[in-house]
Amino acid sequence: MLKAENITKRYGFQTAVDDISITISDDSVTVIVGESGSGKSTLARMLSYIERPDTGRILLDGTSIGRRTAKATRRNVQLVMQDAASSLDPHQTAEQVLDEPLKLLLKMGRPQRRERISELTDMVHFPRDRLKNKVSELSGGQQKRLCIARALAAEPQHIIFDESFSGLDVTLRKQILSMLKELRKKLHISFLIITHDLDTAMYMADRIYVMRFGKVIETLERPTSFLDLKEDYSKELVKAAEYKRQALYI
Ligand code: ADP
Ligand code: MG
């Protein structure tokens, strides 16, 4: 279980995350929604221990994360960012991208790594015949799948997707989300999905947190409908999404 307890993060006079407490249960999908600037990415960076909170603590399975446990935490909590291209080295081949964590983090031998790379590419439906291609020669969707496979390679307990599916067209996004649903059933892993797409939230979530101005303003357990949202701001988000959806058909 991954927990944030009363964490706050300030940049100068700006409070990006303001006294937030959230729980990411094992084996579940948690979704955070909220408009741009509400502190979602800052929270994601703290949960994956890329940044430290000013106050409050992050706990992994009940243990507060500190300098001593940082390395294990980074392996156990993987972050997949929005822009796949910029989080990959364009000169590496797809195979090298996947080989690295297996070698460095899991200390696997070569034959074992080979086998694992095949498994990983199958899991995320990355075409095996593209493994020798450089990252820069892959399509956006393939790069995205590669980022997900690299996160899975570390055998983490938690994967955080920070707007990872935003740039994708609708069909590809659907494919990737349903692939993730399949994976969730197979692997004992939890996902934290950060999105401003409410359809993604409803499709995936066991629990939804709504963020605004650095705070969690509403929590929805086992959501079945947006009508369950109580706060005015959450309802505004739903209305805005509905408006956008209609506008697309005009
Ligand atoms: P979101 O991901 O919800 O769009 P962010 O966490 O990126 O929100 O940002 C929350 C607020 O914190 C914004 O006002 C942003 O400008 C500010 N912020 C985020 N990261 C930094 C940073 N590294 N330096 C200064 N301000 C930052
Ligand atoms: Mg963000």
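Mentor: We'll take the ligand site, then the salt bridges, then a few single residues. Keep in mind that this is a predicted model.

Trainee: Okay, ligand first. Which residues are around ligand 1?
Mentor: The shell has Y11, Q14, A16, E35, S36, G37, S38, G39, K40, S41, T42 and R45.

Trainee: How do those divide into nonpolar, polar and charged?
Mentor: Seven are polar, three are charged and two are nonpolar.

Trainee: And where does the largest share of the shell come from?
Mentor: From α1, with four residues. Both β2 (14–24) and α1 supply at least two residues each.

Trainee: What about Q14? How far is its polar side-chain atom from an oxygen atom of ligand 1?
Mentor: That distance is 3.0 Å. The side chain of K40 also has an N or O atom 2.8 Å from an oxygen atom of the ligand. G39 uses its backbone instead: an N or O atom there is 3.1 Å from a ligand oxygen.

Trainee: How much of ligand 1 does the protein bury?
Mentor: Taken alone, the ligand exposes 560 Å², and the protein buries 62% of that.

Trainee: Let me pick one from the shell. Is T42 buried or exposed?
Mentor: T42 is buried, at 8% relative accessibility. The cut-off for buried is under 20%. T42 sits in helix α1.

Trainee: What does T42 contact, leaving aside its neighbours within four places in sequence?
Mentor: K9, Y11, A16 and V17. Y11 and A16 are also among the residues around ligand 1.

Trainee: Switching topic. How many salt bridges are there in the whole structure?
Mentor: The search finds 16.

Trainee: Give me one. What does D54 pair with?
Mentor: D54 forms a salt bridge with K9. Their closest N and O atoms are 3.8 Å apart.

Trainee: Why does that pair tie together separate parts of the chain?
Mentor: D54 is in the loop between α1 (40–47) and β4 (55–60), while K9 is in strand β1 (residues 2–11), so the bridge joins parts that are 45 residues apart in sequence.

Trainee: Buried or exposed, that K9?
Mentor: K9 is buried, at 11% relative accessibility.

Trainee: Which residues are linked with K9 and D54 in a network of salt bridges?
Mentor: R45 and E51. R45 also turns up in the shell around ligand 1.

Trainee: Next pair. How far apart are the closest N and O atoms of D99 and R113?
Mentor: They are 2.7 Å apart, in a salt bridge. D99 is in helix α4 (residues 94–104) and R113 is in helix α5 (residues 110–123), so this bridge ties together parts 14 residues apart in sequence. R113 is buried, with a relative accessibility of 8%.

Trainee: Now single residues. Where is L120 found?
Mentor: In helix α5. L120 is buried, at 0% relative accessibility.

Trainee: So what is L120 in contact with, beyond four places in sequence?
Mentor: L102, A149, L152 and A153.

Trainee: Last one: which strand holds R57?
Mentor: Strand β4. R57 is partly exposed, with a relative accessible area of 39%.

Trainee: What does R57 touch, not counting residues up to four places away?
Mentor: K3, A4, E5, I7 and S64. For M46, 11 residues away along the chain, the C-alpha separation from R57 is 9.5 Å.

Methods. Residues numbered from 1 in each chain as written. Chains lettered and ligands numbered in written order. Predicted model: local features only at pLDDT ≥ 70, side-chain atom pairs only at ≥ 80, totals over all residues. Heavy atoms only, no water. Salt bridge = Lys/Arg side-chain N within 4 Å of Asp/Glu carboxyl O. Buried < 20%, exposed > 50% of the residue type's maximum accessible area, 1.4 Å probe, protein only. Near = heavy atom within 4 Å. Polar contact = N/O pair within 3.5 Å; in protein donor to acceptor, adjacent residues only side chain to side chain. Areas by Shrake-Rupley, 256 points an atom, 1.4 Å probe, with all protein chains shown as cover. Nonpolar A, V, L, I, M, F, W, Y, C, P; charged D, E, K, R; others polar. Contact = heavy atoms within 4.5 Å.
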